[in-house]
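Morning, everyone. Let me put the model up, and then we'll walk through it.

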Amino acid sequence: MEQIRNLTLKKTMVLYLCIALMSSFFLSVGLTYFAERTQKRIWSQYIDEETVLKQIEMEEQIPEFTGEVSRVGSYYMADMDNVIVEACDFISTWDVLILSVAGCVMAMFLFYRNKLRYPLKILMEGSEKIRENTLDFTIEYDNQDEMGQVCRSFEKMRGQLLENNQRMWQMVENEKNLRAAISHDMRAPLAVMKGYQEMLLELVGEKELEKERIQEMLKEEMKQMERLNDFLDITRAMSKLEERKPEYKAVSYEALKKKLLFTVRMLCKEKGIRWKLREQVEVNELYGDDSIMLEVLENLLTNGIRYAREEIQIALYTERSFFVIEVSDDGEGFLESFETLTKSYYHGKEADSLTHFGLGLYLCRVFCEAHGGKLSLGNKEKGGAYARAYFSIKY
């Protein structure tokens, strides 16, 4: 039954027609035999008894002999018997054609009911839901025939539409966050600059101006102006973030590790943080985008160093088809959920808005997902936090 259910449409149609024609043939043979017997029974009523007895006697003496009853003219028979005989003639002449046509019609009906009706129904319902912009449904049809292939293709299209829709809404949400961040993050340096300007105005009224103090305030204003410049650069980069795609290529693990460790040394040395390395990579070559891996590592390190007390730990290892970069610290650990931590322009503390833009973990998540992996965050049992970046690779 399962094999018949999964036959192609063409084979199923041929099977249904063959069964219908064979059934029509055998049924027509039976009807023809019944009609002829009925005619003979009626005609025998109008033949003299002596002739009938002779035929019966010959049939008993000669088994191979079959008596034939002659056709009786219609003017000898009663009206009802004449109608029955004519009806039997019609059946004997046309039953093959009529039953064949009826069988083909029935075969077409069964073919539509068993092979087309249900998949067409779910496809029409799915099309209506898509027209109404409702994409959170699934198309389920397990047959392996052409309609099953159409349904699976339709399901893939629905999934792609849902993904595109979610991506569009994510872009809208990012734009919304971007506008909110612009007003928020620009307010902080502008407030600092305004404060220094007010202080300068107060000092102008004094007889003696402290040169060093004025230079200090002007330098701080320059820093805030540079911060505004950096923020504008980040904003432009964020607008093109979705367009950036990984450029896969063969990468030597030793060369990649050398670049990663150079970044680790520079950042940890600058902040005066100790670091340790643990690695368990059993391959010599990876297939991926090393620039994205380096950027993710830099963001994870920057985030870890910001909250570390004394030490940072870096781990490089492979897990199934993923290359993993793990950065952990000895700080107080994460206090928020993964969704909150990986939001764009998220700051753990309000004071952090003066020192960074809150994009590190968000960028890591986006880059990991673009590289076929994921970002995992958590707290260690003995204190501190960890961040694991998974990158889908080919050996």
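Start with helix α7, residues 253-271, and helix α8, residues 290-307: they pack at an angle of about 25°, and their axes are 10 Å apart. So α7 is roughly parallel to α8, a label for angles under 35 degrees. Axes here are lines fitted to C-alpha atoms, for helices over the stretch in contact, and angles run from 0 to 180 degrees between N-to-C directions. The crossing of the two, α7 and α8, is right-handed, meaning that the near helix is turned clockwise from the far one by less than a right angle.

Which residues meet? From α7, the list includes Leu256, Leu260, Val264 and Leu267. From α8, it includes Met293, Leu294, Leu297 and Leu301. Contact means heavy atoms within 4.5 Å. The α7 and α8 contact residues divide into 10 nonpolar, 2 polar and 4 charged.

Some ground rules. This is a predicted model, where local features need pLDDT of at least 70 and side-chain atom pairs count only at pLDDT 80 or more, while totals for chains, interfaces and linings use all residues. Residues are numbered from 1 along each chain as its sequence is written, and side-chain values use heavy atoms, with hydrogens and water left out.

Now the whole chain. It has 10 helices and 7 strands; these are DSSP runs, H or I of at least four residues for helices, E of at least two for strands. Of its 395 residues, 36% count as buried, that is, under 20% relative accessible area, with exposed over 50% and partly exposed in between (1.4 Å probe, protein chains only).

Next, helix α2, residues 9-44. It has 36 residues and reaches 52 Å from first C-alpha to last, close to the 52 Å expected at 1.5 Å a residue. Its buried residues include Leu9, Met13, Tyr16, Ile42 and Trp43.

Arg388 is partly exposed, because its relative accessibility is 22%. Beyond four places in sequence, its contacts include Tyr317, Glu326 and Lys374. Arg388 and Leu316 are 72 residues apart in sequence, yet 9.7 Å apart C-alpha to C-alpha.

Last, backbone angles. Most residues other than glycine have a negative phi. Asn133 has a positive one, about 65°. Asn133 lies in the loop between α4 and α5, and counts as exposed at 53%. Arg320 also has a positive phi, about 55°. Arg320 is in the loop between β4 and β5, exposed at 64% relative accessibility.

Conventions. Parallel < 35°, antiparallel > 145°, perpendicular 65-115°, else oblique. Nonpolar A, V, L, I, M, F, W, Y, C, P; charged D, E, K, R; others polar. Expected span 1.5 Å × (residues − 1).
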